[in-house]
Amino acid sequence: MDEKKKKKVKTIKIDLDKCNGCRACEVICSAFHANPPYSSNNPARSRVRMIREPIKDIYVPVYAGEYTPAECMGRDKYIIDGKEYDECAFCRAACPSRASFKEPDSGLPLKCDMCEGEEEPLCVKWCITDALTYEEREEDIEEEPKAEDVEVGLSSMIDKYGMDKITDALARMSQKG
Amino acid sequence: MRYGETGYNLEIDLTHGSIERVETDPKDTELYLGGLGTNAKILWDRVPADVDPFSPDNILIFSTGLLCSTPAPGANRTIVTTYSPQTLFMAYSMMGGVFAPELKFAGYDKLIFTGKSPKLVYIWINNDQVEIRDASHLKGKGAVETQELIKQELNEPDAQVAAIGLAGENKVWMASIEQGRSSASRLGVGAVMGDKGIKAIAVRGTKDINIAKPAEFYQLCNEVLQYIKFREEKPVPGVMPILAGLGSPQEMKHIDEKWHTENFVWGNARERRKNFWTKEIEEKWNKTQLTARKRLISCYNCPMKCGAIISLPGMSTYMMKCFSKLTYAMAAYVEDLDFGFRIAQRATEYGVDGFSTPQAMAFAVELYNAGILTDKDFEGTDAYEACPKDNAGRFYWLLDRIARREGIGDVLANGTYWAAKAIGNGAEEYAHNNIKKHEQLPLKLGMLNPVYYLMYSTGEKMNITQIEGQFPQSPFPTMEERLDFVKDWIQVPDEKFKKYLLDWEMRGEFANPTYPTPEIATDIVDWQEMMHFIDDALGMCAGLSSFPLKPPYHIHNYPKFISAATGMDMDQEKLTEIYRRNRNFVRAINTRRGLRRADEVPPADHWKNRFPELEAKLLDTYYKFKGWNNDGIPTKETLEKLGLGFVAEDFIKSGILKDDAEDGSAKENK
């Protein structure tokens with residue numbers, strides 16, 4: 001039991017300073033995910049999108065993450081080196097607040113799959129300006145969640161609802177199997 | 001289903017406000033590919049030969065190319081076609097950026113405007129929804145400013161907008177169409193857009209472009225990207241830096257301008273400015289460029305970085321590429337790059353051509369110094385002040401007058417050829433840098449180069465950078481260098497081109513002007529023209545194909561690209577024939593507008609050493625090779641062979657060609 005499990009973490013490193021704004025990442029992403037592959041292309045279907053405001057010198061490739069059914073309660077703006085990045089500029093969610101990361105016809109959410117089966121994500125392969133580079137590393141994962149981690153979560157639930165309610169809920173859930 | 005193209009054009013009649021989506025004939029794609037080729041067909045079919053560029057009967061086409069919006073790197077050009085108010089011939093100015101891809105994703109290969117809008121409008125194309133919208137609130141706004149205002153107004157940050165500035169609204173004959181980092185600048189296409197009452201066109205598209213042979217096409221694209229990487233790592237040795245790499249001249253990247261500042265004759269000059277590039281200037285320019293340049297940028301789906309975002313305190317940000325940083329500053333005799341960036345910013349907002357405009361301004365200063373223009377021409381009015389006396393102030397003043405068509409600016413706004421005619425009194429001597437009434441790149445050289453003589457004379461794109469490429473501009477001094485150059489010269493259509501280069505010497509019989517011989521020079525020009533014509537039909541940027549030495553796209557992989565994208569059966573022979581058809585078609589359109597041999601004359605002082613007999617022989621040989629008569633008119637036989645029999649018929653009917661003449665010409669119609 002001493003042997004720890006490993007997981008592969010795939011990372012795309014995004015160097016905004018090197019980006020020339022060409023959108024080749026969008027082009028090849030949408031082409032690769034066409035069916036059959038490369039049979040069509042359409043950046044609106046891409047799972048990476050350039051947030052692009054040339055006059056403000058803002059070029060941010062953002063990858064599609066999880067779908068979320070609701071917008072955030074608040075939205076943030078980032079100011080970096082005097083440049084104001086729009087609300088949601090760095091967010092990966094396919095969310096009701098914007099059109100990005102949804103199929104333009106069906107509206108179904110899109111998610112980056114790191115081009116499963118390819119040597120490296122094709123956006124990286126096609127970014128020969130090296131704004132996008134790919135890294136893989138292995139991380140240890142804990143086999144069992146620690147008991148104290150579970151307790152931290154539960155105690156805050158108990159604070160909120162009381163011990164009785166939580167015990168009842170747990171009992172009901174375990175009966176349902 | 002259509003592959004590579006959408007199969008639809010969007011037709012907008014501005015007089016009646018009608019909008020129609022029209023399916024195109026796939027046969028036209030087989031015959032002319034698209035872009036410039038199909039534009040030529042439409043222009044020929046729809047606009048009679050005698051239509052004035054500012055008539056409602058003139059049309060204005062914004063075309064994508066056949067490969068635009070496919071994953072082929074660098075296929076992003078918009079080919080704008082109309083009749084030029086300046087040359088009166090066919091104009092096909094082009095721009096990169098993101099406009100053409102967006103238009104195609106919206107579902108259209110071309111936008112065709114006819115008629116004239118009674119008031120200033122802008123067009124909003126959002127996939128199938130197309131609106132003609134009021135633009136009265138945008139009247140007088142800058143070309144860059146307008147693009148931003150429209151995106152805000154539509155709340156469409158992803159829309160791509162092409163716009164004119166004040167110069168286009170005022171029908172300045174050197175008005176450009178601006179879009180992102182790009183512009184269609186030459187030949188007054190912005191003036192025609194202004195005349196039609198179109199302030200801007202905004203496009204957003206989210207549809208698919210289909211590929212006929214997907215795996216094959218993807219492989220071809222990968223090969224091109226790999227080759228670009230290879231060329232980035234291995235510049236061509238023995239040539240100056242801007243010829244060593246790919247892309248358009250890397251003026252945003254390079255700061256060392258010794259060569260350009262000292263070897264071009266900027267503005268309207270006749271002499272070079274030797275010893276311009278001092279240590280002091282180098283340091284100052286270096287600092288200015290690095291401060292102003294926020295980022296090197298590209299067009300759609302292209303790894304190059306030919307443009308830049310330029311921002312300086314006290315002025316709105318804009319994007320620049322190519323030589324505009326030098327054209328104004330050098331023409332004005334202001335040794336300050338900061339001035340260069342600032343006046344180019346104002347010029348970009350006005351929307352004017354960065355080559356012709358400074359030339360016209362410098363021409364005005366020369367005329368003043370010569371006493372042909374006087375203080376009276378530089379006076380102020382109630383609306384504006386008199387022209388300042390300092391070089392910088394004078395240039396800003398002249399730019400304002402031209403864009404506003406005020407005072408002497410109204411005359412200069414037509415370019416140096418027409419301005420000289422209007423001013424008279426010897427002014428024509430000073431309009432010395434035109435071909436076919438259009439301002440040329442300011443170069444004054446020593447020995448006549450036969451290849452360049454032909455390209456300058458016969459080019460119908462009117463700009464040498466859009467005709468040259470592929471073949472080195474001068475011979476390599478040693479055989480070793482020549483052998484090294486031809487070793488991996490895979491782009492040649494035929495092995496004979498390698499021999500031409502190996503034989504080309506710096507001095508003696510095998511040197512300019514006698515070598516390349518007229519036959520060989522013609523061969524070389526034909527190859528260079530071929531690559532440009534194919535690019536312009538495919539929407540490929542010349543910077544990855546016809547302009548630089550050893551580019552990733554060439555006559556051997558283009559047929560595969562076309563075939564894989566569209567499914568059409570294509571090989572080198574067929575593609576060459578399409579080139580010949582398109583080349584002849586453009587020539588025929590201009591022939592119908594009056595283009596003759598007498599117009600094919602480079603500036604008298606372009607080369608110091610001239611050879612009238614040799615030059616005549618060069619033109620004779622070129623015309624003969626092309627299948628044209630001695631007046632530069634395609635013969636009936638040539639036209640019929642290329643499937644352009646209807647053009648020949650028209651020529652015979654209108655007397656341009658005689659049916660029975662041996663050379664097919666009708667001299668009395670000259």
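## A helix pair in chain B

Helix α13(B) passes α16(B) in a right-handed crossing. A crossing is right-handed if the near helix is turned clockwise from the far one by less than a right angle, and left-handed if anticlockwise. From α13(B), the contact is made by Gln359(B), Ala360(B), Phe363(B) and Leu367(B). From α16(B) come Thr416(B), Ala419(B) and Ile423(B). Residues are in contact if their C-beta atoms, placed from the backbone, lie within 7 Å. By class, this contact has five nonpolar, two polar and no charged residues. Ala, Val, Leu, Ile, Met, Phe, Trp, Tyr, Cys and Pro count as nonpolar, Asp, Glu, Lys and Arg as charged, and the others, Gly among them, as polar.

α13 spans residues 356-369 of chain B, and α16 spans residues 416-423 of chain B. Their axes come within 10 Å and cross at roughly 30 degrees. That makes α13(B) roughly parallel to α16(B). Angles under 35 degrees count as roughly parallel, over 145 as roughly antiparallel, 65 to 115 as roughly perpendicular and the rest as oblique. Axes are lines fitted to C-alpha atoms, for helices over the stretch in contact, with angles from 0 to 180 degrees between N-to-C directions. Helices (H or I, at least four residues) and strands (E, at least two) are DSSP runs, numbered from the N terminus.

## Model and numbering

This is a predicted model: local features need pLDDT of at least 70, side-chain atom pairs count only at pLDDT 80 or more, and totals for chains, interfaces and linings use all residues. Residues are numbered from 1 along each chain as its sequence is written, while chains are lettered from A and ligands numbered from 1 in the order in which they are written.

## The sheet in chain B

Six strands of chain B form an open sheet with mixed pairing, in the order β2-β1-β6-β3-β4-β5. Strands pair if DSSP finds at least two bridges between them. The edge strands of chain B are β2 (18-23) and β5 (90-95). The twist averages 15 degrees from one strand to the next.

β1 (residues 8-13) and β2 of chain B run antiparallel, joined by six bridges. Asn9(B) has Val22(B) as its bridge partner in β2(B).

## Where chain A meets chain B

The contact takes 24 residues from chain A and 33 from chain B. α1(A) gives the most to chain A's side, with four residues. That side divides into 14 nonpolar, seven polar and three charged residues.

Two bridges join β2(A) to β13 (residues 209-210) of chain B, and the two run antiparallel. Ser40(A) stands opposite Asn210(B).

How values were computed: Two residues are in contact if their C-beta atoms, placed from the backbone, lie within 7 Å.
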